[in-house]
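These are my notebook entries on one structure. I set down what I looked up, entry by entry.

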Amino acid sequence: MATATLSAGAKPADDAIPMRRIFAFMAMVFGMFMAILDIQIVSASLAEIQAGLSASSDEIAWVQTAYLIAEVIMIPLSGYLSRALSTRVFFSIAAAGFTISSVLCATASSINEMIVWRAIQGFIGGGMIPGVFAAAFSIFPPSKRPVVSPLIGLVATLAPTIGPTVGGYLSHAFSWHWLFLVNVVPGIGVTIAAWTLIDFDKPDHSLIKRFDWVGLGAMAAFLGSLEYVLEEGTRLDWFQSEEIVAFSVVMICGAVVFFWRALTRDEPLVDLYAFRDRNFAFGSLFSFCMGIGLYGLTYLYPVYLGRIRGYDALMIGETMFVTGLCMFFTAPVAGRLSAKLDPRVMMMIGFSAFAFGTWIASRITSDWDFYELLWPQVLRGCGLMLCMVPINNVALGTLPPQQLKNASGLYNLTRNLGGAVGLAVINTMLNTRTDLHITRLHEWVAAGRQVAEEALANTTQRFSDFGDAAQSMAMAVLNQRVHKQALVMAFGDVFLGLTAIFAGLVVMSVFLSKPKPAAAGAGGGH
């Protein structure tokens, strides 16, 4: 009998999900995939966009920064708007707006136009991400979580991982315009499916009348400035820059007003009280650290392959495709394990795999290629999925339904902020450690040392046809070698730092309380 396979205590009626809702959920998942993919798909091909729009290197960075700042403001706001308008209306508007702004980005004729359309695309598209997490835990019973949780975990982590591959291929095979045009047909499909199929909830229009505009302004100032400081801090030399100081002041003032409004209003834009749930708080902390690992390594490997190995975008994408492949094949395994294994044990296995992968990578040299990077990437892909599924379940699995939309926004925000903080720390660490290693290596190749004198003599001999310029050319070559080796050593230091973070998470997992299974109806009080 089919009912015999149902878990004890679960009624067949509880487990029956209408096909309409399953298709609606799949459409939402695809919309989230597009929104997350769009960050990395563009980052891999910024050089092509820069050439196409005749932009400077400072200006082109804003194509990413504008998107990320706008997205980070929308993600926590999405819970409130989804409750006010209903998931159906809000998600449909987000999908349609994302599609239209993608077309506008593709037709941009100047860098200023592109930055404006990217900001709109990020703001509207950011609304699609948290809704999927909220829907997964509100419309599916706990017995379906071993299937649903790996699916959203896979999409949330696979999209940024395969982004460089897809972006490299599109800009090589077609042109940079297709980085945006590729969203159009799926975007139209998602919009139509969302409007016709989603029926999870009803709108609460009274929330629109009580909308906290002061809170929105404060949140935009706080999160937008925070994202800008983290994105641009390394390039502008942090607090040596007047811009960074000014945005830091705006960030602090915005934070004070935002937290005051959030903690004192009856209907705040963002309900921070979800953090009183211990498992949600820990899950969000783990999500923050996952953001560091997810976005940090998606950034580190292409930088190494581009600057040290001289790879182009397509070659980088082909090298990094291993991680995406491993995640794809690990997802169903993670789903099965989540039904049978204590989530804390699963997290510890995942974090350990991640830490072991970065520890192997910490011994990186300038000769590392696809095969040397294979095992670190395999461990990263498998580790990501084994972590992501139990983290989702721990953070959101036991919250009452009325808190899910808001909590989902906060949960996704922590992952994005983790990525932003991670990239800022990684860039700063790469710069400072490279400088340190250059100083140390210069001591080793200083004049008077036999090894240095022999290397200089041999290199000078190679340039003997250039006469008097031979020695200065040899010195330039040696200097370049020193800088390259110093950068490689700095990469090793960053990988070691990431190893320490994930080894620490293995220990922290022990202190989590085992999550109690949610009631089949996922009900609960405030």
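Entry 1, burial. I call a residue buried when its relative accessible area is under 20%, exposed when it is over 50%, and partly exposed in between. The model I examined is predicted. In its chain of 526 residues, buried residues make up 54%.

I found 20 helices and zero strands in the chain. I then turned to contacts with a separation of 6 or more, and 83% of them are between residues 24 or more positions apart.

I recorded a volume of about 1,400 Å³ for the largest pocket. Its lining has 45 residues, and S43, L46, Y299, V303 and N427 lie nearest the centre. Which helix gives the most to this lining? Helix 18 does, with nine residues. Several helices each supply at least two lining residues, among them helix 2 (19-43), helix 14 (278-307) and helix 18 (401-444). By class, I noted 22 nonpolar, 15 polar and eight charged residues in the lining.

A disulfide is a covalent bond between the sulfur atoms of two cysteines. How many disulfides does the count come to? The count comes to zero. I checked C326: the closest cysteine sulfur, in C382, is 4.7 Å from its own sulfur, which is too far for a bond, because the cut-off is within 2.5 Å. C326 counts as buried because its relative accessibility is 14%. C253, at 48% relative accessibility, counts as partly exposed.

Note on methods: Residues numbered from 1 in each chain as written. Predicted model: local features only at pLDDT ≥ 70, side-chain atom pairs only at ≥ 80, totals over all residues. Heavy atoms only, no water. Buried < 20%, exposed > 50% of the residue type's maximum accessible area, 1.4 Å probe, protein only. 1 Å grid on protein atoms, 1.4 Å probe; cavity = no way out; pocket = protein on both sides within 12 Å on 5 of 7 lines; lining within 4 Å. Points joined across faces, edges and corners; volume = space filled by probe spheres on them. Helix = DSSP H or I, 4+ residues; strand = E, 2+ residues; numbered from the N terminus. Nonpolar A, V, L, I, M, F, W, Y, C, P; charged D, E, K, R; others polar. Contact = heavy atoms within 4.5 Å.
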